[in-house]
Amino acid sequence: MREKAPVVRLVRADATVVCERCIVAATPLRRIKGLLGRSALEEGEGLLIRPTSSIHMFFMRFPIDAVFLDRELVVKKVVRDLDPWRIAFARGAKAVVELRAGEAVRRAVAIGDRLRLEDA
């Protein structure tokens, strides 16, 4: 039986929640699958992919916001409304958080924000 992927809460240093239910994709299979096969992300839901410095949106059905993080979980780049069939990357990034399109603006995620993981 397959083990369920860990789910964490992603919180900014000022205690603002960036993602309530963030699935951690840290194994090769989970990183490859990503959000493929999904029709949408619900509000408050996301996917933390690590390690990675790039993502692709091939075969995706919906746009997302991509938040690229360094090793210390500091935001390096925010790509808003990334459409299907596009690619995004950030030099020096070690992880990316995929959020529902519009969530990065709604939650005021900005370059330089320091994030932390908490148990969901």
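The following questions and answers walk through some features of this predicted model.

Me: What kind of model is this, and how are its residues numbered?
Reply: This is a predicted model, in which local features need pLDDT of at least 70 and side-chain atom pairs count only at pLDDT 80 or more, while totals for chains, interfaces and linings use all residues. Side-chain values use heavy atoms, with hydrogens and water left out, and residues are numbered from 1 along each chain as its sequence is written.

Me: Which residue of β6 stands opposite Ile 64?
Reply: Strand β5 covers residues 64–69 and pairs with β6 in the antiparallel sense over five bridges. The residue of β6 that stands opposite Ile 64 is Leu 82.

Me: Is Asp 81 buried, partly exposed or exposed?
Reply: Asp 81 is found in strand β6, and it has a positive phi of about 50° although it is not a glycine. Buried means under 20% relative accessible area, exposed over 50%, and partly exposed in between, computed with a 1.4 Å probe on protein chains only. Because its relative accessible area is 47%, Asp 81 is partly exposed.

Me: Which backbone nitrogen does the side chain of Asp 113 reach?
Reply: Asp 113 is placed in the loop between α2 (103–106) and β9 (115–119), and at 16% relative accessibility it counts as buried. Not counting residues up to four places away in sequence, Asp 113 touches Arg 12, Leu 73, Val 74, Val 75 and Ala 108, where contact means heavy atoms within 4.5 Å. At 2.9 Å, its side chain reaches the backbone nitrogen of Ala 110.

Me: Where is the cis peptide bond that involves Pro 51?
Reply: Pro 51 is found in the loop between β3 (45–49) and β4 (54–56). The cis peptide bond, with omega about -5°, joins Pro 51 to Arg 50.

Me: How many disulfides does a search of the whole structure find?
Reply: A disulfide is a pair of cysteine sulfur atoms within 2.5 Å. The sulfur of Cys 19 has its closest cysteine sulfur in Cys 22, and because the two are 4.0 Å apart they are too far for a bond. Cys 19 counts as buried at 0% relative accessibility, and Cys 22 is likewise buried with a relative accessible area of 0%. The number of disulfides found in the whole structure is zero.

Me: How do the planes of Phe 58 and Trp 85 stand in their aromatic pair: stacked, tilted or edge-to-face?
Reply: Rings of Phe, Tyr and Trp (its six-membered ring) pair if their centres lie within 6.5 Å, and planes under 30 degrees apart count as stacked, over 60 as edge-to-face and the rest as tilted. A search of the whole structure finds two aromatic pairs. In the pair of Phe 58 and Trp 85, the centres are 5.8 Å apart and the planes are 40° apart, and the pair is tilted.

Me: Which residues do the ring pairs link into a cluster?
Reply: Trp 85 lies in the loop between β6 and β7 (87–89), and at 48% relative accessibility it counts as partly exposed. The rings of Phe 59 and Trp 85 have their centres 4.9 Å apart and their planes at 65°, so this pair is edge-to-face. Because Phe 59 lies in the loop between β4 and β5, this pair ties together parts that are 26 residues apart in sequence. The cluster linked by ring pairs consists of Phe 58, Phe 59 and Trp 85.

Conventions
Helix = DSSP H or I, 4+ residues; strand = E, 2+ residues; numbered from the N terminus. Polar contact = N/O pair within 3.5 Å; in protein donor to acceptor, adjacent residues only side chain to side chain. Pairing = 2+ DSSP bridges.
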